[in-house]
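Here is a short note to read with the model open beside you. Take the points in order, and find each element before moving on.

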Amino acid sequence: MQRNLIIAGVGGQGILTIASIIDLAAMNLGLNVKQAEVHGMSQRGGAVESHLRISSREIFSDLIPLGKADLILSIEPMESLRYLPFLSPAGVIVTATGPYRNIADYPDETALMTAIRSSASHVLVDAGALAAEAGSAKVYNVVMLGAASPYLGIAQSELEKSIREFFSHKGEEIVNINLKAFRLGIDNRTK
Amino acid sequence: MEKQLLLGAEAIAQAALDAGISGVYAYPGTPSTEITEYIQRSPQAEGAPVRSAWSTNEKTAYESALGMSYAGKRSLVCMKHVGLNVAADPFMNSSITGVLGGLVVVVADDPSMHSSQNEQDSRVYGKFAMIPILEPSNQQETYDMVRYAFDLSEEMELPVLLRIPTRLSHSRAVVSRKERDPQNRLHPSTDKSKWILLPANARRNYQKLLEKQQKLMERSENSPFNRITEGDGERAVIAFGIAYNYAMEVIETYNLNIPVLKITQYPLPEKKIKAFTEKYKNILIAEEGYPQQEELFKSYFGNGKFRGRLDGALPRTGELSPNLLAKALQVETDDKKSIPQIVAPRPPMLCKGCSHSDLFDVINQVISGYPQQHLFGDIGCYTLGALPPYSSISTCVDMGASITMAKGAADAGIRPAVCVIGDSTFTHSGMTGLLDAVNDRSPLTVIISDNGTTAMTGGQDSAGTDRFFDICRGLGVEEAHIRLIVPLKKNLDDNAAILREEFNYDGVSVIIAQRECIQKRKVKSEKLSANNL
């Protein structure tokens, strides 16, 4: 078993939470994990990404080689395309459709969606609406984790277990909102 | 033993705790900050007290760590690569004094300058000081090497340099821990000739350091960290530190049968390298950083069998990657896709509601009224004042340089000479420059943008919080010319008037622009609401 995942977004959108939940599930299954993340200046509203590698064999590089990512999981539509050189020919983009506009020259949304559609197999998710339905705008990222879960090589039940584990210190209510977000993400994927 | 998913930085911290350190000393700096933060929040450090508060700068950190070593206890000192420039004085001389309690110096380099002003290679410093250097390739090796480093340090009576790049510091993997060592008891050194570097002692100590080199070399020759992965053919790779991972990634992915000599402990194991290189005709030298060993192997007169960063097989600058190694090993890869043109750059920027942004607005307004518009900048979030919409600052060189460069510019005739420096940077390296300006009566306005924290690196405590007025007065700035402002939009006109007054003053003035970092405020209010639940 081997999976290479790029998780992308803008500093502050919670991509490290997604990575941590996947890490935890992979570790619980006894798999090897390497997860490179961005700290420092870029976290201030800049583009950030995490390279997450899971394998039953030894993993050498912390970075995914270009053309070897199975999945780009993006919390923001434009960011999903920034890492396209990493995506394998058979790779999939799973991205939230809500733009995060903190720059003056953010591209036209229709053109952006066209670019995503023509770039690779893709799953587009209205994460904002689903997060609201789950009960909190904060679970936007966990909705996206749910939407991407069929491509992670890890059973959804294992991911749910690690969501419980990850949020347990915040209380049952927070755990349940996150689980609901995860399931809404799974069910409401629109091609 | 217990397995944990740890960042490279955290693996260092956990290993140091398990090695029985009594203290960690550091000034925050990407990519080294997480080491000290991990120790600060570790319950293990609470159990057997480990001193861990932030130091004012890397030099004070280093000297404190050395003092702890003098007392017979183990200490860790951590910094980013450019921090070692600040600590270079004690660093170089600590190899002449040697140590008593184990002293491990962790320096986190930043190839590709993700969050830095240069990509200097700290291995050069290690060689300069003639101390052992360890350069782990992965998180487990990082843990194991830190444990080994403390023993080596005490045995050789030398500080040991551990060098990691950003990629390893900020990447997680599963790490197995080993049994813990207890802390050393207090047993201070009584050997004065070792610690008093009067010329007569220093000459004798330097001789001792030279004599230790043979032993250090033997350690490298027999090090389990320096090892060969077998293969056939005429081609080979010598891979240093994390470059080993990239080489192995390519070799495994494409089933190449290429021998690899992995070097992660220095000084270079001469015999091992000679025996290896004699067997092959075409050797790729892969090192993360300067082509330091490659230069050595090629020597002055060139040796065609070595390839690497100097002949273009690998790029001369920047971080390595599996794809760069694949290219250097002439492997066909799948990297055909490019970034679509529609993707716009998204550089980092000041947070919404940041106090620095209101400060730059007022500075821009006032300075635009002068024919000469120069604002000397410094290192921190406010360096982002270089970018639109502010485009305010004219320079950013090194910690504290805003004040001293503005002073030199004032001496040369620039009016007004104005600089902006953060609160933590001011105590790190700004105070001495301000004293120079006071003694010289240079016409200079220093704006301290005081947000109450070391924000850029994630909000660590700042050494001078609540004391900037007193510090500036103590350094000799006239009280009438130490002004306090609160950078808020509603205060724009009042603040502009104050700035204008001080810009026009023919002497040293300080404006303390005080408003809490918006991120710190957010963390505080989240904690508060969590406590209320």
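Predicted model: local features only at pLDDT ≥ 70, side-chain atom pairs only at ≥ 80, totals over all residues.

1. **Domains of chain B.** Start with the division of chain B. Domain 1 covers 3–221, domain 2 covers 227–328, and domain 3 covers 355–520. Now take domain 1 and domain 3 of chain B. Their C-alpha centres are 34 Å apart. Even so, the two domains touch: 11 residues of domain 1 of chain B are in contact with 11 residues of domain 3 of chain B. On the domain 1 side, these residues split into five nonpolar, six polar and no charged.

2. **An open sheet in chain B.** Six strands of chain B make an open sheet, in the order E2-E3-E4-E6-E5-E11. The pairing in this sheet is mixed. Which strands are at the edges? They are E2 (23–26) and E11 of chain B, and each of them pairs on one side only. Look at one edge in detail. E2(B) runs parallel to strand E3 (residues 75–80) of chain B, with four bridges between them. One residue pair to find is B:Tyr25 and its bridge partner in E3(B), B:Val77.

3. **A bent helix in chain B.** Helix H11 of chain B spans residues 199–221, which is 23 residues. From first C-alpha to last it reaches 33 Å, close to the 33 Å expected at 1.5 Å a residue. Where does H11(B) bend? The bend is at B:Gln213, and its angle is about 30°.

4. **A residue in chain A.** Turn to A:Ile186, in helix H7 (residues 172–187) of chain A. A:Ile186 is partly exposed, because it has 17 other C-beta atoms within 10 Å, while a buried residue needs 20 or more and an exposed one has 12 or fewer. Leaving out residues up to four places away in sequence, A:Ile186 touches A:Gly146, A:Ala147, A:Ser149 and A:Gln156. Check A:Val143 as well. A:Val143 and A:Ile186 are 43 residues apart along the chain, yet their C-alpha atoms are separated by 7.8 Å.

5. **The contact between the chains.** Chain B gives 39 residues to the contact, and chain A gives 43 residues. On the chain B side, the elements that give two or more residues are helix H9 (166–169), strand E7 (171–176), helix H12 (243–253) and helix H15 (322–328). H12(B) gives the most, with five residues. By type, the chain B side divides into 20 nonpolar, 10 polar and nine charged.

6. **Pairing across the chains.** Strands of a sheet pair through backbone hydrogen bonds, either parallel or antiparallel. How many bridges join strand E2 (residues 32–36) of chain A to E7(B)? There are three, and the two strands run antiparallel. A:Gln35 has B:Arg172 as its bridge partner, and A:Lys34 stands opposite B:Ala173. E7(B) also pairs within chain B. Strand E1 (residues 3–7) of chain B is antiparallel to E7(B), over five bridges. There, B:Leu5 is the bridge partner of B:Val174.

Conventions:
Residues numbered from 1 in each chain as written. Chains lettered and ligands numbered in written order. Contact = placed C-beta atoms within 7 Å. Nonpolar A, V, L, I, M, F, W, Y, C, P; charged D, E, K, R; others polar. Pairing = 2+ DSSP bridges. Expected span 1.5 Å × (residues − 1). Bend = angle between axes of the 7 residues up to and from the residue. Domains from an automatic or database assignment.
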